[in-house]
Amino acid sequence: MEKILVTGGAGFIGSNFIYYMLDAHKDVEILCVDSLSYAGNLATLEPLISNPRFRFFKADIRDRSMMYRLFDNEDIDIVVNFAAESHVDRSIDSPEEFLTTNFIGTSVLLDAFRKFGDGKRFHQVSTDEVYGDLPLDRPDLFFTEDTPIHTSSPYSTSKASADLLCLAYYRTYGVPVTISRCSNNYGRFQYPEKLIPLMISKAMNDEKVPVYGEGLNVRDWLHVLDHCKAIDLIIHKGQVGEVYNIGGHNERANIDVVKTVLRALGKSEDLIEYVTDRPGHDLRYAIDASKIERELGWTPETSFDKGIEETVKWYLENQKWWKDIVSGEYLNNYRRIIGYKD
Ligand SMILES: NC(=O)c1ccc[n+]([C@@H]2O[C@H](COP(=O)([O-])OP(=O)(O)OC[C@H]3O[C@@H](n4cnc5c(N)ncnc54)[C@H](O)[C@@H]3O)[C@@H](O)[C@H]2O)c1
C-alpha cells in the first residue's frame, strides 16, 4: 500500500482528490488531515469514514507537535498539501491567518516530512495567482513556469512564499518536492463563497448575483477532476524540484461565466448585479500548461460547457450539502459523524 497524506482534504479540491485517488488506485491508503476551518466540511467525506483505506485526523498543519507525532507514527510515502486559506477577499480583510496557515503550516509539514521516515514526495498545491496578472489587451501572453513571481493579494503572496520555501527545502535539504500551479477550478464540493457555487446558490433562489466591476476580469477555468488527474501524474511521474503549470485552455471573462451558469439554470440575466470592484483585482490569468502536457502526457478532458452543466446539476441535486453550509449547520458535522468530543 502507498500511504498518502492529504492535508485540507475536507475542502473542495482535496476532497475531490481523495475520492479520485481511492477510486483510481486500489493500492493507495489516504490519511486526511484537516483542521475543519470554516472551509472544511466533514459531510463531504462522510461516505469514506468506514473505508479501511481512509483515515481522518482533525488537526491543524501549524501544530508542530501534532504533525511530528503523526509523521513519526505513520510511514508516509507522499504528502499532498492542499491545506490553505484560499479566498482572496478574506485575505484582503484579514491577512494573518493566510500567512500562518499557508506559509508557516507548509514549513511545519516540510520539517515533519524531513525529520521522520523516508517519504518519496512532498507535493505543494499552488496557484497561478503567484504570477500576478496579465493585461487584458495582450491575449498572446501566458504564464509559464519561468514567469517571475509577482503577487497581488495577501493570499497569492502567502502561496508564493510557501512555493519558495518548498524549493529552498529541495535545494538545501534535498526534500523531494514538486509544485503545481493551477488555474481556477470548478466542480462539486466547492464552498459557496466562490464564484460558480455562489452564482448557483443565489440564482436558484432568484436572488441577485453579484459581479465585481464590469465582470471583464479573465480567468482560466479547469474542471476539478482534471486538476486531480494532473496531481496524480506529478506525484508519480513528475521530476523532483520542478514546478508544473496546470490549466484548462479555457479563458473566460467572469461575466461570461456568470451568463453560462444562468443559462444552465434557465434563469434571466436580469439577476446580475454589478458591485464595487475588489481592491487590486487581477485582470487576466492565462496558463501555458505545455510542460505538463509534453513531459507527463496530461491534457484536460472535460470541456467547460459539459463541466458547467454537470456542476450545476450536482448543486441542484445536492442542495442539502450547500444549504447546510449557508445556514451554518455544517459546523456540527464533525461531532455528528465522528461521534465524540474534541
Ligand atoms: N480553488 C481553486 O480554484 C484553486 C486553484 C488553484 C490552486 N488552489 C489551491 O488548492 C488548495 C485547495 O484549495 P480549495 O479551493 O480546495 O480550498 P478550500 O478552502 O476549499 O479548502 C481548504 C481546506 O484546508 C483546510 N485548512 C485550512 N486551514 C488549515 C490548517 N491550518 N490546518 C489544516 N487544515 C486547514 C480547510 O478546513 C479546508 O478543508 C489551496 O492550497 C489553494 O491555494 C485552489
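This is a predicted model: local features need pLDDT of at least 70, side-chain atom pairs count only at pLDDT 80 or more; totals for chains, interfaces and linings use all residues.
The shell holds 31 residues, and Gly8, Gly11, Ala39, Gly40 and Ala84 come nearest to the ligand. I also sorted the shell by residue type: 13 are nonpolar, 13 are polar and five are charged.

**The core**

Next I turned to the largest nonpolar core, which has 86 residues. Val6, Phe17, Val80 and Val261 touch the most other members. Helix H7 (residues 224–237) brings the largest share of this core, seven residues. I noted a general point here: in soluble globular proteins, nonpolar side chains tend to be buried together.

I then picked Val80 and listed what it touches, leaving out residues up to four places away in sequence. Its contacts are Ile4, Val6, Phe17, His123, Val125, Ile231 and Ile235.

**Helix H4**

How far apart are the end C-alpha atoms of H4? I found 27 Å, which agrees with the 28 Å its 20 residues should span at 1.5 Å a residue. H4 does bend, by about 25° at Ile104.

I wrote down the buried residues of H4, among them Phe98, Phe103, Leu109, Leu110 and Phe113. Asn102 and Thr106 are on that list too. Their cover includes strand S1 (2–7), helix H2 (64–73), strand S4 (78–81), helix H3 (88–93), S5 and helix H5 (154–173). After H4 comes Gly117, with a positive phi near 70°.

**Helix H7**

Back to H7: its 14 residues reach 20 Å from first C-alpha to last, close to the 20 Å expected. Is H7 mostly covered or mostly open? I see it is mostly covered, with ten of its 14 residues buried.

**Two positive phi values**

Asp206 has phi near 60° and is found in the loop between helix H6 (195–204) and strand S8 (209–212). With 10 other C-beta atoms within 10 Å, Asp206 is exposed, since 12 or fewer counts as exposed.

His249 has phi near 50° and lies in the loop between strand S10 (243–246) and strand S11 (251–253). I found 16 other C-beta atoms within 10 Å of His249, so I noted it as partly exposed.

How values were computed
Residues are numbered from 1 along each chain as its sequence is written. A residue is near a molecule or strand if its C-beta atom, placed from the backbone, lies within 6 Å of it. Ala, Val, Leu, Ile, Met, Phe, Trp, Tyr, Cys and Pro count as nonpolar, Asp, Glu, Lys and Arg as charged, and the others, Gly among them, as polar. A nonpolar core is a set of buried Ala, Val, Leu, Ile, Met, Phe, Trp, Tyr and Cys residues joined through C-beta atoms within 7 Å. A residue is buried if 20 or more other C-beta atoms lie within 10 Å of its own, exposed if 12 or fewer, and partly exposed in between; C-beta atoms are placed from the backbone. Helices (H or I, at least four residues) and strands (E, at least two) are DSSP runs, numbered from the N terminus. Two residues are in contact if their C-beta atoms, placed from the backbone, lie within 7 Å. The expected span of a helix is 1.5 Å times one less than its number of residues. The bend at a residue is the angle between axes fitted to the seven residues ending there and the seven starting there.
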